[in-house]
Each structure stands twice: as C-alpha cells, then as structure tokens.
Amino acid sequence: MTLILVLPTRDGIVMASDGQVTAGAIRATGQKIWRFNDRCLWAASGELALIQRVEERLKTLPPDASLQQLRDQICHIVKHCVTELLQLDFRTGFLPQDPNVLLQLHPGDFVFAEFVSTAVVLHIALNGTPEWIVGRPFATGSGAMFAYALLQKYQGCNLDMNQASLLAYKVLEEAIAVGAYGLGPPIDIWHITSDGVKQLGEQERAALEDTARVLRQYEIELLTGASKQGDCNAR
C-alpha cells in the first residue's frame, strides 16, 4: 500500500510519500522515493519484487541523460521486468492469456520527476506506456483517489516550494489518519530545484507537522465560526 505525490511548483517540484512498506503480512518502514541523478528523482507503487528489478536496471542507464532522452529506455525496462516476472511466475500458465489479467499478477506504477528550467514529470504505466504530466499534481498508489479529492480545491494555484511541501505533508498525514489504505509514517519529502535534489530532514518535517496542525485547527475554527454565525442569522 502506497501513496506518492508529485507537486510541480513555480520554482521546482515537491515529491512526497508515506513510509510504510508492505510485503505480504509484514509491514515495515522503508523508502519509496529514490535519487535517479543530481536533478531527478523517481518513485514507484506496487509489488516490491517488480520495483526492485526495475531499480537494478535503472542503474545501468547514463547518469547525466535527461528524462526526454531516457523516456523510451525506461519504458523498455519496465516492460521487460514485467515480462520476466510473468515468465518466472508459475501462475501465468494457469490464467487466461489476457494481458489485462496477467498484468494484475505483478502490479506497479512508476513516476520520474526532473527540474532543469521547468518541471518535467514522467509517468510510466505497468504496460510500459509513458505520459508526460504537465502543470498538475500527480498521485499514485492505493491512496491516490483520496489524495486527488484533497488536492482538487488547489487546482490552478501557483504554489511555491514551501507551500507545496506543506500541502503534500497535510495530504499524506490525513490519508494515513484515515487508515483505510494501509499507509503509514514516516512521511518522506524531497525537493527538486535548479540547485539539485534534497531530502527534507527530521527538523524540517517536524516544522511541517506543526504548521499542518495549526492549519487544521484554523480550518476547524473557521468552520465552527461560520456555523455559529449561521445559527445567529437563523434566529
């Protein structure tokens, strides 16, 4: 179970995820966002065996190439890794030879984010199909629909890195609190700017937690205040 967020901003990209890795019945803390090079990050949701295999192959790619240059190579890596797992899986021979059925055996979803002069976000589906995500937030994983619902009201907002970091932390924190998606702490947040990539430290995440708490309290007070005003008007 996973929730990964990518929020493009006017001066960079914020990438964030929950920190719970589930393997069968075992849950542990683990990383879901990785450094691809000095200006690019990648993340994945889905089966750990597939993600590990893709990670091994990504290390063979040229470290200084851009996502524009590597798009098709990354697609081939994902497709080949899925094909290899299906060939190794004995269940493959017992299922209808329907691609949609077979793809359900080893689920996965991959996103790459890079910032040079502008934000570049590449999403690669399990079947190897790529798409560029332009000018909008992206979410993947079991909590994606919940995240999109929370992010909907921020469509079109021109956020900076600090605002996007707070929004990402708040969305992930609330998704984890729901508890229905198998998500868990700690929340991991990265920045991609023209200066490179940076993982936020413990103190920076603690500051976001405090600010998110204040923001939630403000929302509650605003709502209860409006409710009281409505009661007064009704009288």
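**Working through the model**

Q: Is V82 buried or exposed?
A: V82 has a relative accessibility of 5%, so it counts as buried. Buried means under 20% relative accessible area, exposed means over 50%, and partly exposed is in between, with a 1.4 Å probe and protein chains only.

Q: Before we go on, what kind of model is this?
A: It is a predicted model, in which local features need pLDDT of at least 70 and side-chain atom pairs count only at pLDDT 80 or more, while totals for chains, interfaces and linings use all residues. Residues are numbered from 1 along each chain as its sequence is written, and side-chain values use heavy atoms, with hydrogens and water left out.

Q: Back to V82. Where does it lie?
A: V82 is in helix 2. Helices (H or I, at least four residues) and strands (E, at least two) are DSSP runs, numbered from the N terminus.

Q: And what does V82 touch?
A: Not counting residues up to four places away in sequence, V82 touches L50, L103 and L126. Contact here means heavy atoms within 4.5 Å.

Q: How many helices and strands are in the chain?
A: The chain has six helices and 12 strands. Of its 235 residues, 45% are buried. The C-alpha atoms fill a box of roughly 70 × 45 × 30 Å, taken along the principal axes.

Q: Which residues have the most contacts inside the largest nonpolar core?
A: They are W42, L58, F110 and F112, in a core of 29 residues. A nonpolar core is a set of buried Ala, Val, Leu, Ile, Met, Phe, Trp, Tyr and Cys residues joined through side-chain atoms within 4.5 Å.

Q: Which elements supply this core?
A: At least two residues each come from strand 5 (33–37), strand 6 (40–46), helix 1 (48–58), helix 2 (67–88), strand 7 (108–115) and strand 8 (119–124). Helix 2 gives the most, with 10 residues. Apart from this core lies another, of 27 residues, including M161, A168, V171 and L208.

Q: What is W42 in contact with?
A: Leaving aside neighbours within four places in sequence, the list for W42 includes M15, W34, F36, I51, L58, F110 and F112.

Q: Why is strand 2 largely enclosed by the rest of the structure?
A: Five of the five residues of strand 2 (residues 13–17) are buried, so the strand is largely enclosed. I13, M15 and S17 point one way from strand 2, and V14 and A16 the other way.

Q: How many bridges join strand 1 to strand 2?
A: Five bridges join strand 1 (residues 3–8) to strand 2, and the two run antiparallel. A hairpin connects them through four residues. L7 stands opposite V14, and L5 stands opposite A16.

Q: In strand 11, what is the bridge partner of A16?
A: That is I189. Strand 2 and strand 11 (residues 188–193) run antiparallel and are joined by five bridges.

Q: Which residues lie nearest the centre of the largest pocket?
A: P8, T9, G135, R136 and P137 do, out of 22 lining residues. The volume is about 300 Å³. On a 1 Å grid over the protein atoms alone, a pocket is an open set of points where a 1.4 Å probe fits, with protein on both sides within 12 Å along at least five of seven lines; lining residues have an atom within 4 Å of a point. Grid points are joined across faces, edges and corners, and a volume is the space filled by probe spheres set on the points.

Q: Which strand gives the most to that lining?
A: Strand 8 does, with three residues.

Q: Last one: what is the peptide bond from P185 to P186?
A: It is cis, with omega near 0°. P186 is in the loop between helix 5 and strand 11.

Key. Pairing = 2+ DSSP bridges.
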